[in-house]
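The structure is shown below.

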Amino acid sequence: MNFLEFLQANWRELLTLTREHIVIVFVSTLIAVVVGVPLGILLTRSKSLRAPVLGFANVMQTVPSLALFALLIPIPFIGGIGARTAIIALSLYALLPVIRNTFTGITGIDPKLRESATALGMTTWQKLRMLELPLAAPVILTGIRVAVVISVGVATVAAAIGAGGLGTYIFRGLRQNDNNLLLAGAVLSALLALTCDFAIGAIARSFEIGRKKSRTKHIGIVAAGVILASILISIALAGGGRSGERIVVASKDFTESVILAEILAQMLEREGIAVERQLELGGNIPHDGLLAGSLDVYPEYTGTAYTAILKKPPITDPETVYNETKEEYSSRFGLYLSPPLGFANDFAILVRGKVAREANLRTISDAVPLARNWQAGFGQDFMSRSDGYPGFVKAYGFAFSKQPREMDLALTYRALQSSEVDIIAGNSTDGLIAALDLVQLEDTRQYFPPYQAVFVARQAVSKTLEPIFDRLAGAISTEDMRRMNYEVDGRKRTPAEVAGEWVGNN
Amino acid sequence: MNKDSESIIEFREVSYDVAGARVLSGIDLEIARGETLVLLGESGCGKTTTLRLINRLIDATMGEVRVRARATIDWDPIELRRSIGYVIQDGGLFPHMTVGENVGLPLSLIDRPPANKVGELLDLVHLDPVKFADRFPHELSGGQRQRVNVARALATDPEILLLDEPFGALDALTRRSLQKEFKSLISELGKTAVFVTHDLQEAILLGTRIALMEKGKIVFLGTPAEFSSSTLPLARDYMETIAG
């Protein structure tokens, strides 16, 4: 599919994502302005507040966006999953340029004008309204312009916490190795940033001295904008809360997790149970969301739960891992673990098919001598977890001469395919393994702990879900999963469609 | 004492310090209704400071300044300032407002919509309202800007005008014609004016009295004629600047 065909096929979803993106950026900028401009004014009056307020805003801007999103999730009222958290985080980012420019704009006014205003008998409020704000307006608007452009960019990351927006396509594109998705997400958000930059620039110019004639018109535009924004806020907030007796089904941000969540969601819907989807959430956000009560259920792997969440040393017996995890989840978190779904998604050590065939590689051990000169590329997850890289190297006696490249998991597939790296740790059920002609090397020493797929649910909803969990127990084979992953990653079909077929056939 | 001859502005033993340094010391001064008192002196002699004490842009360190028989510190500063017109050398006009808005500003501050008043005020300073009301300050010459400044200072019809070298930045010819117009304008309107300048010619032309200041003190106070015949060395130096 070329890019134009892709746009033609997906314009509806693109439009929705663009709208979500605009709402997030608009509302967060509005909050930043409503908070930041008065704060900036306050700073011109109070010297002692200057350092702490500007310091706080500065620090906020240096916090990496994904970290800020993750930190906000457990906070009551403002946190949680979805657009609301993204808006709060983006508002914090946008604060600095707004506060700083309001402060500089006002303090930069000629002292003679201030004295004139005082001598005319203007009150503090009159000075602010008739002199300081109008003269500082171009500078303040420049700050807002910077804030908006930053927000358009950072908002793409917000897709990781389920806020939607164009980032959804960027993340999905990375995961599915799909340039059309990547391009559509990136190009549209860049266009959006440029459009905002231009529009606000035009408004700022109209505030420059000597452009009086069209001022009233622009005040009209600004007023209309404020009204529009208030409407958008109410929509955003209305959508942010949990509504009624719905089961909120979540997933992590990779294809398999999305498909499994879709399968569960569609089975629930067939039973007439209302479902809300919060798919493609980054990192451990689904787990945090369950604990915070904003999500109800998501697919997980026993190995991940055991080592990454319960922080236990890796062991290889599937049954022990499952039983201990189920028990500890219940006692520590009050979370319910469903029966295993049937397949396991283990770490898969992958090499290019061509290399495997030429050197006749079958097991991981076969690759050890060759790997001395190989460049390895591993996901951040694999590098850091206890059942990952350090133990793996030791277990097989790997001696890489070059330091492995640490990168996004989805990108390692790309890097392997294009020979940037020679060995990666992927997922055994990944559809891309077949699609990209990669070969999985066998873990003959059974180093990797088992990653059986299960659902994790809040105890409050586990009674509703139990009948479905029973039907799903052992129902999805590794073959099924690999095929479904390939349908999505390799053949670019939607997870909902692929999951729907499985639900229909089972 | 008859009310007309009563002093409208009084300085009683006024001193003013900035960061511990004395800028004004022992200023005693009475300014009568309708007179134009010129504060004459070199830069840094304290004449502008004296002026700013009258509308409470600053407050005296010692002594008191009285306006209309009431100590300035007993006035609400906003009310006091609104009852006094103030013109500075340059830059006092609001750059984002038109001439009309600038002139009408003092009226809008007190919720008196400036309707026809702006036209009258511009006529008063010989600016055609039709031509000038919609222009911005940066589109005017220096002389025109100062006319607008004077018009603005007169907007609420204040009894007192304070002027800080209002014509100081203008070329000689413009300055001369503005001085003459100003003189007839305030005598026609019967305003009391306190006028700061370092130009003796201007002081003699405009002042009913001249207060010569040096190092924060008033060293001479009298009519222009008395000034011309003073034997004070500083006064003689000034007279030499206009000799010939």
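A polar contact is a pair of N or O atoms within 3.5 Å; within protein, one atom must be able to donate a hydrogen and the other to accept it, and residues adjacent in sequence count only if both atoms are side-chain atoms. In this predicted model, that rule finds seven residue pairs in polar contact across the interface of chain A and chain B, both residues of each pair being at pLDDT 80 or more.

**The interface**

Helix H5 (111-119) and helix H6 (124-155) of chain A each supply at least two residues of the side of chain A that touches chain B. The largest share of that side, seven residues, comes from H5(A). By residue class, the side of chain A that touches chain B comprises ten nonpolar, six polar and four charged residues.

In total, 20 residues of chain A and 26 residues of chain B take part in the contact. The area buried between the two chains is about 2,100 Å², and carbon and sulfur atoms give 67% of this area. On the side of chain A, Glu115(A), Ala119(A) and Leu120(A) lose the most area to chain B, together 26% of what that side buries.

Between chain A and chain B the count is one salt bridge. Glu115(A) forms a salt bridge with Arg52(B), with the closest N and O atoms 2.3 Å apart.

**Salt bridges within the chains**

Over all chains, the count comes to 36 salt bridges.

| Pair | N to O distance |
|---|---|
| Lys354(A) and Glu358(A) | 3.7 Å |
| Glu64(B) and Arg66(B) | 2.9 Å |
| Glu181(B) and Arg147(B) | 2.6 Å |

Lys354(A) and Glu358(A) both lie in helix H14 (residues 353-359) of chain A, four residues apart, about one turn of the helix. Lys354(A) counts as exposed because its relative accessibility is 54%, and Glu358(A), at 62%, is likewise classed as exposed.

In chain B, Glu64(B) is partly exposed at 25% relative accessibility, whereas Arg66(B) is buried at 18%; the cut-off for buried is under 20% relative accessible area.

Glu181(B) is partly exposed, with a relative accessible area of 24%, while Arg147(B) is buried, with 13%. This pair links distant parts of the chain: Glu181(B) lies in helix H7 (residues 172-189) of chain B and Arg147(B) in helix H6 (residues 142-153) of chain B, 34 residues apart.

In chain A, salt bridges that share partners join Glu487(A), Arg491(A), Arg493(A), Glu497(A) and Glu501(A) into one network.

Note on methods: Residues are numbered from 1 along each chain as its sequence is written. Chains are lettered from A and ligands numbered from 1 in the order in which they are written. This is a predicted model: local features need pLDDT of at least 70, side-chain atom pairs count only at pLDDT 80 or more; totals for chains, interfaces and linings use all residues. Side-chain values use heavy atoms; hydrogens and water are left out. Contact means heavy atoms within 4.5 Å. Buried area is the accessible area (1.4 Å probe) that two parts lose on being put together, summed over both. A salt bridge is a side-chain nitrogen of Lys or Arg within 4 Å of a carboxyl oxygen of Asp or Glu. Ala, Val, Leu, Ile, Met, Phe, Trp, Tyr, Cys and Pro count as nonpolar, Asp, Glu, Lys and Arg as charged, and the others, Gly among them, as polar. Buried means under 20% relative accessible area, exposed over 50%, partly exposed in between (1.4 Å probe, protein chains only).
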